[in-house]
Amino acid sequence: MSTIREWLSKRKFWATLFGIESLLLIFLGVLLFAGGKAAVDHTNTLEFCTSCHEMKDNNYEEYKDTIHAKNRTGVTAICSDCHVPHGFVDTMIRKVKAANDVFQHFTGKIDTKEKFEAHRLELAKSVWLRMKESDSRECRNCHDVKAMDPEKQGKTAQKQHRKLAGGDKTCIDCHYGIAHKEPQGGVEPRDVVEKVEN
(Lines give C-alpha, C1' and ligand atoms only; values in the text may rest on other atoms or scores of the structure.)
Protein backbone atom coordinates (compact mmCIF):
# COMPACT_ATOMS: atom_id res chain seq x y z
CA MET A 1 0.00 0.00 0.00
CA SER A 2 2.78 2.44 0.87
CA THR A 3 4.46 1.70 -2.47
CA ILE A 4 1.30 2.76 -4.32
CA ARG A 5 1.10 5.94 -2.23
CA GLU A 6 4.76 6.69 -2.91
CA TRP A 7 4.24 6.07 -6.61
CA LEU A 8 1.15 8.31 -6.68
CA SER A 9 2.97 10.97 -4.69
CA LYS A 10 5.93 10.92 -7.10
CA ARG A 11 3.57 10.98 -10.06
CA LYS A 12 1.71 13.96 -8.58
CA PHE A 13 5.05 15.72 -8.01
CA TRP A 14 6.19 15.18 -11.62
CA ALA A 15 2.79 16.16 -13.03
CA THR A 16 2.86 19.37 -11.00
CA LEU A 17 6.42 20.10 -12.08
CA PHE A 18 5.52 19.42 -15.71
CA GLY A 19 2.48 21.71 -15.40
CA ILE A 20 4.59 24.54 -13.94
CA GLU A 21 7.23 24.12 -16.65
CA SER A 22 4.53 24.14 -19.33
CA LEU A 23 3.03 27.35 -17.95
CA LEU A 24 6.46 28.97 -17.79
CA LEU A 25 7.19 27.98 -21.40
CA ILE A 26 3.84 29.35 -22.55
CA PHE A 27 4.47 32.57 -20.64
CA LEU A 28 7.97 32.84 -22.14
CA GLY A 29 6.53 32.22 -25.62
CA VAL A 30 3.94 34.97 -25.14
CA LEU A 31 6.67 37.37 -23.93
CA LEU A 32 8.92 36.55 -26.90
CA PHE A 33 6.04 36.96 -29.36
CA ALA A 34 4.94 40.27 -27.80
CA GLY A 35 8.52 41.55 -27.74
CA GLY A 36 9.10 40.49 -31.35
CA LYS A 37 5.85 42.08 -32.47
CA ALA A 38 6.73 45.31 -30.66
CA ALA A 39 10.18 45.31 -32.31
CA VAL A 40 8.72 44.74 -35.79
CA ASP A 41 6.10 47.44 -35.24
CA HIS A 42 8.77 49.88 -34.04
CA THR A 43 11.04 49.21 -37.03
CA ASN A 44 8.09 49.91 -39.34
CA THR A 45 7.62 53.50 -38.12
CA LEU A 46 8.64 56.58 -40.09
CA GLU A 47 10.64 57.74 -37.07
CA PHE A 48 12.71 54.56 -37.09
CA CYS A 49 13.20 54.60 -40.87
CA THR A 50 14.50 58.16 -40.77
CA SER A 51 16.59 57.75 -37.62
CA CYS A 52 19.80 57.31 -39.63
CA HIS A 53 20.95 60.33 -41.58
CA GLU A 54 21.30 58.41 -44.87
CA MET A 55 17.56 57.82 -45.01
CA LYS A 56 16.61 61.19 -43.50
CA ASP A 57 18.87 63.26 -45.75
CA ASN A 58 18.24 61.35 -48.97
CA ASN A 59 15.10 59.21 -49.16
CA TYR A 60 12.95 61.19 -46.73
CA GLU A 61 13.88 64.51 -48.37
CA GLU A 62 12.57 63.17 -51.70
CA TYR A 63 9.50 61.52 -50.21
CA LYS A 64 8.19 64.31 -47.94
CA ASP A 65 6.69 66.38 -50.77
CA THR A 66 5.30 63.53 -52.88
CA ILE A 67 1.67 62.50 -53.16
CA HIS A 68 2.33 59.60 -50.77
CA ALA A 69 3.31 62.06 -48.03
CA LYS A 70 1.02 65.04 -48.76
CA ASN A 71 -2.22 65.00 -50.70
CA ARG A 72 -5.75 66.41 -50.66
CA THR A 73 -7.19 63.44 -48.73
CA GLY A 74 -4.56 63.31 -45.99
CA VAL A 75 -3.94 59.59 -46.48
CA THR A 76 -0.21 58.90 -46.28
CA ALA A 77 2.00 55.95 -47.03
CA ILE A 78 5.21 55.73 -45.04
CA CYS A 79 8.40 53.79 -45.85
CA SER A 80 7.16 50.46 -44.49
CA ASP A 81 3.90 50.66 -46.44
CA CYS A 82 5.87 50.46 -49.68
CA HIS A 83 9.00 48.57 -48.65
CA VAL A 84 7.81 45.97 -46.11
CA PRO A 85 5.32 43.21 -46.93
CA HIS A 86 2.25 43.03 -44.69
CA GLY A 87 2.11 39.22 -44.22
CA PHE A 88 3.97 37.80 -41.20
CA VAL A 89 6.31 35.39 -43.02
CA ASP A 90 7.12 37.85 -45.82
CA THR A 91 7.69 40.61 -43.25
CA MET A 92 10.15 38.43 -41.33
CA ILE A 93 12.03 37.54 -44.54
CA ARG A 94 12.23 41.24 -45.46
CA LYS A 95 13.45 42.17 -41.97
CA VAL A 96 16.26 39.60 -42.20
CA LYS A 97 17.26 40.93 -45.63
CA ALA A 98 17.11 44.50 -44.27
CA ALA A 99 20.01 43.59 -41.98
CA ASN A 100 22.12 44.38 -45.07
CA ASP A 101 20.90 48.00 -44.84
CA VAL A 102 22.19 48.17 -41.28
CA PHE A 103 25.52 46.67 -42.40
CA GLN A 104 25.79 49.27 -45.20
CA HIS A 105 25.06 52.01 -42.66
CA PHE A 106 27.95 50.94 -40.43
CA THR A 107 30.37 50.51 -43.35
CA GLY A 108 29.57 54.03 -44.59
CA LYS A 109 28.64 52.87 -48.10
CA ILE A 110 26.03 55.64 -48.56
CA ASP A 111 26.80 58.00 -45.69
CA THR A 112 27.17 61.10 -47.87
CA LYS A 113 24.95 62.60 -50.55
CA GLU A 114 27.62 61.85 -53.16
CA LYS A 115 27.95 58.19 -52.14
CA PHE A 116 24.18 57.80 -52.07
CA GLU A 117 23.90 59.21 -55.62
CA ALA A 118 26.71 56.91 -56.77
CA HIS A 119 24.73 53.88 -55.51
CA ARG A 120 21.23 55.13 -56.34
CA LEU A 121 20.85 52.95 -59.46
CA GLU A 122 21.97 49.82 -57.59
CA LEU A 123 19.57 50.57 -54.72
CA ALA A 124 16.69 51.32 -57.09
CA LYS A 125 17.26 48.14 -59.12
CA SER A 126 17.03 46.10 -55.95
CA VAL A 127 13.66 47.65 -55.04
CA TRP A 128 12.29 47.45 -58.60
CA LEU A 129 13.18 43.77 -58.89
CA ARG A 130 11.69 42.94 -55.50
CA MET A 131 8.46 44.72 -56.44
CA LYS A 132 8.30 43.04 -59.84
CA GLU A 133 8.84 39.60 -58.29
CA SER A 134 6.04 40.21 -55.76
CA ASP A 135 3.60 41.57 -58.40
CA SER A 136 3.80 44.97 -56.68
CA ARG A 137 2.27 43.43 -53.56
CA GLU A 138 2.92 46.47 -51.36
CA CYS A 139 1.26 48.83 -53.87
CA ARG A 140 -1.79 46.59 -53.93
CA ASN A 141 -2.19 46.81 -50.17
CA CYS A 142 -3.59 50.32 -50.76
CA HIS A 143 -4.39 50.49 -54.48
CA ASP A 144 -7.13 48.26 -55.88
CA VAL A 145 -7.59 48.29 -59.66
CA LYS A 146 -11.22 47.22 -59.26
CA ALA A 147 -11.91 50.31 -57.15
CA MET A 148 -10.37 52.72 -59.67
CA ASP A 149 -12.71 54.99 -61.63
CA PRO A 150 -11.45 54.92 -65.24
CA GLU A 151 -13.53 58.02 -66.04
CA LYS A 152 -11.21 60.03 -63.81
CA GLN A 153 -8.09 58.77 -65.62
CA GLY A 154 -6.46 59.75 -68.88
CA LYS A 155 -6.69 57.43 -71.90
CA THR A 156 -3.18 56.02 -71.41
CA ALA A 157 -3.80 55.32 -67.72
CA GLN A 158 -7.09 53.59 -68.56
CA LYS A 159 -5.33 51.37 -71.10
CA GLN A 160 -2.45 50.50 -68.74
CA HIS A 161 -4.75 49.83 -65.79
CA ARG A 162 -6.78 47.42 -67.94
CA LYS A 163 -3.53 45.51 -68.51
CA LEU A 164 -2.90 45.63 -64.78
CA ALA A 165 -6.38 44.24 -64.05
CA GLY A 166 -5.84 41.51 -66.62
CA GLY A 167 -2.57 40.42 -65.03
CA ASP A 168 -0.44 41.49 -68.01
CA LYS A 169 1.36 44.20 -66.06
CA THR A 170 2.14 45.13 -62.49
CA CYS A 171 2.34 48.57 -60.85
CA ILE A 172 6.15 48.84 -60.96
CA ASP A 173 6.12 48.40 -64.75
CA CYS A 174 4.98 52.04 -65.02
CA HIS A 175 5.38 53.64 -61.59
CA TYR A 176 9.05 53.54 -60.59
CA GLY A 177 9.81 57.07 -59.42
CA ILE A 178 6.65 57.61 -57.44
CA ALA A 179 8.29 58.65 -54.14
CA HIS A 180 11.97 58.96 -55.06
CA LYS A 181 14.03 60.47 -57.87
CA GLU A 182 14.86 58.10 -60.68
CA PRO A 183 18.58 57.27 -60.93
CA GLN A 184 20.78 58.74 -63.62
CA GLY A 185 22.98 56.50 -65.70
CA GLY A 186 21.23 55.62 -68.92
CA VAL A 187 19.30 52.66 -67.52
CA GLU A 188 15.56 52.67 -67.95
CA PRO A 189 13.65 51.15 -65.05
CA ARG A 190 11.48 49.33 -67.59
CA ASP A 191 14.62 47.53 -68.89
CA VAL A 192 15.47 46.36 -65.39
CA VAL A 193 12.01 45.03 -64.55
CA GLU A 194 11.64 43.37 -67.98
CA LYS A 195 14.74 41.26 -67.19
CA VAL A 196 12.76 39.61 -64.40
CA GLU A 197 10.06 38.61 -66.88
CA ASN A 198 12.67 36.99 -69.14
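Reply: The largest cavity is lined by C82, H83, P85, R94, V127, R130, M131, R137 and E138; a cavity here is a set of points on a 1 Å grid, over the protein atoms alone, where a 1.4 Å probe fits but cannot get out, and a lining residue has an atom within 4 Å of a point. The model is predicted, so local features need pLDDT of at least 70 and side-chain atom pairs pLDDT 80 or more, while totals for chains, interfaces and linings use all residues. Numbering starts from 1 along each chain as its sequence is written, and side-chain values rest on heavy atoms, with hydrogens and water left out.

The structure has 1 cavity of 30 Å³ or more. The volume of the largest cavity is about 50 Å³, taken as the space filled by probe spheres set on grid points joined across faces, edges and corners. At least two lining residues come from each of α4 (79-83), α7 and α8 (137-140); helices are DSSP runs of H or I with at least four residues, numbered from the N terminus. The greatest share is that of α7, with 3 residues. By class, the lining of this cavity comprises 4 nonpolar, 1 polar and 4 charged residues, where Ala, Val, Leu, Ile, Met, Phe, Trp, Tyr, Cys and Pro are nonpolar, Asp, Glu, Lys and Arg charged, and the others, Gly among them, polar.

Helix α7 also packs against α3, at an angle of about 65° and with the axes 10 Å apart. This makes α3 roughly perpendicular to α7, a term for angles of 65 to 115 degrees; the axes are lines fitted to C-alpha atoms over the stretch in contact, and angles run from 0 to 180 degrees between N-to-C directions. On the α3 side, D57, N58, N59 and E62 meet K113, F116 and R120 of α7, contact being heavy atoms within 4.5 Å. Charged residues number 4 in this contact, beside 1 nonpolar and 2 polar.

Two of these residues, R120 and E62, form a salt bridge through their side chains (2.3 Å, N to O). R120 belongs to α7 (residues 113-133) and E62 to α3 (residues 53-63), so the pair ties together parts 58 residues apart in sequence. The count of salt bridges comes to 12, each a side-chain nitrogen of Lys or Arg within 4 Å of a carboxyl oxygen of Asp or Glu.

In α5, R94, K95, V96 and K97 meet A99, N100 and D101 of α6. The axes of α5 and α6 (residues 99-107) come within 4 Å and cross at roughly 20°, which makes α5 roughly parallel to α6, as angles under 35 degrees are classed. Their contact holds 2 nonpolar, 1 polar and 4 charged residues.

Helix α5 (88-97) and α1 (2-43) are the elements that each give two or more residues to the lining of the second largest pocket, and α1 gives the most, with 5. A pocket is an open set of points with protein on both sides within 12 Å along at least five of seven lines. Among the residues lining this pocket are F33, K37, D41, F88 and M92. Its volume is about 220 Å³, and its lining has 4 nonpolar, 6 polar and 2 charged residues.

Methods
Parallel < 35°, antiparallel > 145°, perpendicular 65-115°, else oblique.
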